[in-house]
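Welcome! Take a look at the sequence and the model first, then read on.

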Amino acid sequence: DFCLSRGLGDVYKRQGHTVYVEALNAYYGQNHAVKNLSITFPANEVTAIIGPSGCGKSTMVRCINRMHEEIPGARADGKVLLDEEDVYAPKVDVTAVRRAIGMVFQRANPFPTMSIFDNVASGLKLAGTRGENMRERVHRSLRAVGLWGEVKNRLNEPGVGLSGGQQQRLCIARTVAVEPEVILMDEPCSALDPVATLRIEELIDELKERYTIV
Ligand code: ADP
């Protein structure tokens with residue numbers, strides 16, 4: 001039942017959660033990509049990782065929500081804790097980890113066949129949310145990312161019909177819809193123009209009131 005009880009709380013009243021990375025090592029076969037890294041990501045703060053290409057930033061981020069292990073030949077050891085809960089403990093449900101620790105990628109990746117509404121609703125559907133409750137949470141998530149005014153009259157149009165910056169905000173709405181504790185972002189603005197970048201950066205700053213952001 002990893003974090004599931006907290007995951008159902010009111011998104012606007014939540015308390016922050018801290019991520020502790022302790023002595024993390026990550027490998028791709030023989031390639032030792034992250035070496036003995038210990039770092040704390042404080043609640044309600046945005047922590048940015050800066051470093052040259054290939055130094056292991058993306059790998060570290062993917063270890064936090066156990067996406068690293070999905071790559072064939074990849075493995076990790078060490079500890080990742082969400083507050084006092086060990087993300088790598090044997091009894092932990094990996095799906096619950098990824099719900100609690102959401103991820104936004106470099107390239108906006110709306111589900112190509114889905115409408116704006118369904119993109120945001122996708123995670124909620126998997127979690128069993130239905131009907132009016134779902135509608136309300138989709139709308140609230142779109143408001144939280146500042147997209148509501150731009151899309152409220154076209155919720156049934158394809159998500160991929162939006163601009164690049166809007167698509168990235170849609171992906172952030174999809175992430176916050178399932179009410180995670182932590183949001184991982186891997187260069188979320190690198191494919192965007194300066195205006196869209198500024199909009200996302202302002203959004204990240206607002207989101208830290210409710211989430212831990214890496
Ligand atoms: P950064 O995000 O800082 O640019 P990465 O975490 O992507 O760095 O890469 C760290 C190291 O791991 C690099 O040596 C890279 O070549 C290697 N690496 C990254 N992804 C893979 C992969 N899917 N398979 C094999 N090696 C990888």
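Strand 2 (31-41) and helix 2 (57-64) each supply at least two residues of the shell around the ligand. Helices (H or I, at least four residues) and strands (E, at least two) are DSSP runs, numbered from the N terminus. This is a predicted model, in which local features need pLDDT of at least 70, side-chain atom pairs count only at pLDDT 80 or more, and totals for chains, interfaces and linings use all residues. Residues are numbered from 1 along each chain as its sequence is written, and side-chain values use heavy atoms, with hydrogens and water left out.

**Around the ligand**

- Helix 2 gives the most to this shell, with four residues.
- The shell has 13 residues, of which Gly54, Gly56, Lys57, Ser58 and Thr59 come nearest to the ligand; a residue is near a molecule or strand if one of its heavy atoms lies within 4 Å of it.
- Sorted by class, five residues of the shell are nonpolar, six are polar and two are charged. Here Ala, Val, Leu, Ile, Met, Phe, Trp, Tyr, Cys and Pro count as nonpolar, Asp, Glu, Lys and Arg as charged, and the others, Gly among them, as polar.
- A polar backbone atom of Ser58 lies 2.8 Å from an oxygen atom of the ligand, and for Gly56 such a backbone atom is 3.0 Å from a ligand oxygen.
- For Cys55, a backbone N or O atom is 3.2 Å from an oxygen atom of the ligand.
- The ligand taken alone exposes 560 Å², and the protein buries 62% of that; accessible areas come from the Shrake-Rupley method with a 1.4 Å probe, and for residues only the protein chains shown count as cover.

- Four strands form an open, antiparallel sheet in the order 2-1-3-4; two strands pair if DSSP finds at least two bridges between them.
- Strand 2 and strand 4 (85-86) stand at the edges with a single partner strand each, so one side of each has no neighbour in the sheet.
- Strand 1 (residues 19-28) pairs with strand 3 (residues 74-82) in the antiparallel sense over eight bridges, and Tyr20 stands opposite Leu81 in strand 3.
- Strand 3 and strand 4 run antiparallel and are joined by two bridges; Leu82 has Glu85 in strand 4 as its bridge partner.
- The hairpin of strand 3 and strand 4 has two residues between the strands, and Asp83 takes a positive phi near 55° there.

**Tyr28**

- Tyr28 lies in strand 1 and, at 25% relative accessibility, counts as partly exposed. Buried means under 20% relative accessible area, exposed over 50%, and partly exposed in between (1.4 Å probe, protein chains only).
- Tyr28 and Asn44 are 16 residues apart along the chain, and their C-alpha atoms are separated by 32 Å.

- Helix 7 (residues 164-177) has 14 residues and reaches 20 Å from its first C-alpha to its last, close to the 20 Å expected at 1.5 Å a residue; the expected span is 1.5 Å times one less than the number of residues.
- Glu179 follows helix 7 and has a positive phi, near 55°.
- Ser141 is found in helix 5 (residues 131-144) and counts as buried at 6% relative accessibility.
- A polar atom of the Ser141 side chain lies 2.7 Å from the backbone oxygen of Arg137.

Methods
A polar contact is a pair of N or O atoms within 3.5 Å; within protein, one must be able to donate a hydrogen and the other to accept it, and residues adjacent in sequence count only if both atoms are side-chain atoms.
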